[in-house]
Every structure is written in C-alpha cells, then in structure tokens.
Amino acid sequence: MWFKNLRLYRLTEQWTISTEELNEKLAEFCFNPCGSLDPMRYGFEFPLGRHGSEFVHVTNGYIMICAKKQEKLLPGGVIKEQLEEKVLAISEAESRPVGRKERDTLKDEIIFSLLPKAFTRSTLDYAYIAPQDNMIVVNSSSAKRAEDLLSKLREALGSLRCIPIAPKNIPTQVMTHWLRESEAPHQFELGEEVELQAAKDGRVIRCKKQDLTASEIRNHLESGMHVSKIALVWKESISCIIDDQVAIKRLKFEDVISDKANERNPESKAEQFDADFAIMALELKNFIQALLAGFGGEDDSQLDN
C-alpha cells in the first residue's frame, strides 16, 4: 500500500462530504468486470480489496480511495495482420483498392470479433484525500492516470474542484540552482541521480549513481544545460526523484518509517493497512510541506479567495 509515486492536487474549495456519503457515492460507480464486448471498465474498488467491505478507508482524517481499471489486451500486430488479410482478399476478389474509410470499418469489425476472446489486464490506482490539508495525493507516475481517477471521482461526486499543485518558482530553475550550488533545500540532501537537458538542441544527459557535486556535471551546467529531474533524500527517511512538473517518482520509504507501522503489532491485513496508511500520510504531509518550501512555496494565484 505504500505509495511509490505522487501527483499532488490542491482542493480549491473546502471538503464537506462525510465518509458515509462518500462511500455511498463511490458505490454507485463501483468497478464491474469487462463484459464480452467491453474494451475497458473503470470504477471504484475497496481499498482493502477482498479484506474490505467499504469504498473508503479513513485514518486520522485521511481518506483512502481506490479505482480499478480492467482492459482487454488486443495486440496491435494481430489486428494489423488480420486487417491486411481482409484488405488483400477484397482487393483480389473485386479488383479494386480498399480506401481508408473502408479499412477503418474493417478494423472496427476485427476488434469487435476479437474482444470476446481477449485476455484482460487489471490495475489499481490509489489516492487519499486530506481535507485538513486541502489536498488530494494520487499514487501515480502518470498525469493521465491520475486525471482518470480524479475524473471518475468528479463523476461520482458531481463536482470536484481541484488543480495540480504548482510552486511559486520555476522548478527547472530551482533544481538547477540546487545542483549548481551543491546544496539541497532545508531537510534534504542531493541523491545520486540527475537528468540534464539543453534547451537549444534538445540534448539529454542522464547520470545515475554519480556524485552530483562532480566537476563533470558542473561543466554541463556551465554549457547551458538545466536540471529536469533530480534525486533527493529527505531526513534520511524518504528518497525520490523530482521532475520539472514537481511530480514525485520512485518514492522509497526507508526502514526507519515502515518500522513505525510494525511497532503497532498489527494482527490482520486491515490493521496492517491502517497502520501503514497512518504513518505514510503523516510522513508525506511533512515531506510535501518541506518540498514545496524548497521551491519557494506554492503558487496560489489560481486558488479562489
């Protein structure tokens, strides 16, 4: 359950929905498996999976939700091969070329015929709502997957006013400053990974397991390159990669944090989930505050007064 990536969103109006009401609304948009002709299904799932019976899990005021996506797997190569066979058969039988519109129709027919026999793949997307912080935190490295979950939540609620959190200062400039000065923001240390980009010619240099204070990296900065991703370590307890959208990727909680959850001696999957969630949410609150402070604070120009 420990989040591995973070996409941060700011609620632009106060969260007033009770846990009971939220559970009822999510239940109306619960996940149902794909039917024989459904290419994809998406809906809400119990955060505790088979160990749960509610669509929300609340700990210390933080509200965990989960969405499940199931999609049919139709290899593009198989569709293309069958399409070419049909096009060739028509061309030979009727001595005419097959136009684009007809090809598209044939492709749709092939997909329709293959759907009932296709395998399915399922994925889970977790997020938690922090009403006390006016924030939603999504466990996703992909902006699209995060937006898919929020769109489904908006559909269930009828309205959800939130925007991606943005810092006051331009992330690439701030991260480049950290690297140039060999000094991470307060409570942070530079990690051993960085991605540099050149605005003029599009060059990209990726350095892993490197001393980021080395002269070779400084030379790249002097040549006009800037930081697009950088590894950071927070208080020796959380490590991650920060990119130019302030998305947090490859998030890793060190044992000093996970051990706190185990100190509660959970006796069931539900208790373990609750303990992990409680510790994670608390640590992430402090981590996110420190990170945004490192970027000069949050740009609140888009927030309602």
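Biologist: Against which elements do the buried residues of helix 5 pack?

Modeller: This is a predicted model, and in it the buried residues of helix 5 pack against strand 8 (188-198), helix 6 (215-222), strand 10 (225-234), strand 11 (238-243) and helix 8.

Biologist: Which residues of helix 5 are called buried, and what makes them so?

Modeller: Within helix 5, which covers residues 171-181, they are P171, T172, V174, M175, T176, W178 and L179. Buried stands for under 20% relative accessible area, so each of these residues falls under that limit. Just after this helix, S182 takes a positive phi of about 55°. For the protein as a whole, buried residues make up 43% of the 305 residues.

Biologist: Which residues make the contact between helix 7 and helix 8, and how do they divide into nonpolar, polar and charged?

Modeller: Helix 7 brings I257, K260, A261 and N262, and helix 8 brings Q272, A275, D276, I279 and E283. They divide into 4 nonpolar, 2 polar and 3 charged. Lysine, aspartate and glutamate count as charged, so K260, D276 and E283 are the charged residues of this contact.

Biologist: Which residues of the largest nonpolar core touch the most other members, and what makes a set of residues a nonpolar core?

Modeller: A nonpolar core joins buried residues of nonpolar kinds through side-chain atoms within 4.5 Å. The largest has 54 residues, and Y128, I230, L284 and F287 touch the most other members. Helix 8 (residues 269-294) gives the most to this core, with 12 residues. Apart from this core lies another, of 25 residues, including I17, Y42, F55 and I136.

Biologist: Which residues is F287 in contact with, leaving aside its neighbours within four places in sequence?

Modeller: With those neighbours left aside, F287 is in contact with L6, F188, W234, I238, C240 and I248. Across the protein, 68% of the contacts with a separation of 6 or more are between residues 24 or more positions apart.

Key. Residues are numbered from 1 along each chain as its sequence is written. This is a predicted model: local features need pLDDT of at least 70, side-chain atom pairs count only at pLDDT 80 or more; totals for chains, interfaces and linings use all residues. Side-chain values use heavy atoms; hydrogens and water are left out. Buried means under 20% relative accessible area, exposed over 50%, partly exposed in between (1.4 Å probe, protein chains only). Helices (H or I, at least four residues) and strands (E, at least two) are DSSP runs, numbered from the N terminus. Contact means heavy atoms within 4.5 Å.
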